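The sequence and structure come first.

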Amino acid sequence: MWMVGYIVTPTLFAMLDDRILAGQIAGRLFSVVAWIGFGTAVWLLGFMAVRLRRAVLRRVVFWVVVTMLICVVAGAILQMEMAALKAGLESMDVMESARRGQFSMLHGVASAIYLVQSLLGVWVVVGSRNCSKGLAMRADSK
């Protein structure tokens with residue numbers, strides 16, 4: 001997630017003269033990251049629910065992952081909206097069209113959501129040590 005959003009995508013736009021191509025590649029990469037995030041979040045939520053049962057609802061990490069899942073879904077919806085704005089422009093850059101303002105607003109919201117999701121992901125990884133201990137203790141007590 002961090003590589004695609006903060007390293008690969010800016011590099012694409014810096015190195016490719018064709019902004020449309022850079023945007024298409026970035027969009028595809030964000031789509032792949034979204035599917036990975038969706039699958040990982042669903043798996044992790046299921047894993048925590050099975051291990052911790054009802055106690056999972058008292059875990060901060062559970063709610064952080066739920067929030068990340070909501071971010072993934074919201075980002076995917078915004079990505080579809082941005083793709084719809086680009087549709088029909090064919091070879092024209094959306095930033096040179098009358099749709100520029102709307103696209104910029106959607107892009108800004110999507111970027112903010114991506115940043116929140118990225119920071120929450122760091123929290124989950126850093127806090128996962130405590131989560132793992134709690135899951136292991138629960139599993140051992142059976």
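pLDDT is the predictor's confidence in each residue, on a scale from 0 to 100. The model is predicted, and over residues 134-142 its pLDDT stays under 50. For this stretch the model has 11 contacts beyond four places in sequence. The protein as a whole averages a pLDDT of 85, and 84% of the residues score at least 70.

Next come the nonpolar cores. In soluble globular proteins, nonpolar side chains tend to be buried together. The largest nonpolar core here has 13 residues. Those that touch the most other members are Leu45, Met48, Val56, Val61, Phe62, Val65 and Val124. Two or more residues of this core come from each of α2 and α3, and α3 supplies the largest share, 7 residues. Leaving aside residues up to four places away in sequence, Val124 touches Val61, Val64, Val65 and Met68. Another core, of 8 residues, lies apart from the largest one; Leu78, Leu85, Phe103 and Ile113 are among its members.

The loop residue is Arg53, located between α2 (19-52) and α3 (60-86). Arg53 is not a glycine, yet its phi is positive, at about 50 degrees. Is Arg53 buried or partly exposed? Its relative accessible area is 48%, and because buried means under 20% and exposed over 50%, Arg53 counts as partly exposed.

Notes. Residues are numbered from 1 along each chain as its sequence is written. This is a predicted model: local features need pLDDT of at least 70, side-chain atom pairs count only at pLDDT 80 or more; totals for chains, interfaces and linings use all residues. Side-chain values use heavy atoms; hydrogens and water are left out. Helices (H or I, at least four residues) and strands (E, at least two) are DSSP runs, numbered from the N terminus. Buried means under 20% relative accessible area, exposed over 50%, partly exposed in between (1.4 Å probe, protein chains only). A nonpolar core is a set of buried Ala, Val, Leu, Ile, Met, Phe, Trp, Tyr and Cys residues joined through side-chain atoms within 4.5 Å. Contact means heavy atoms within 4.5 Å.
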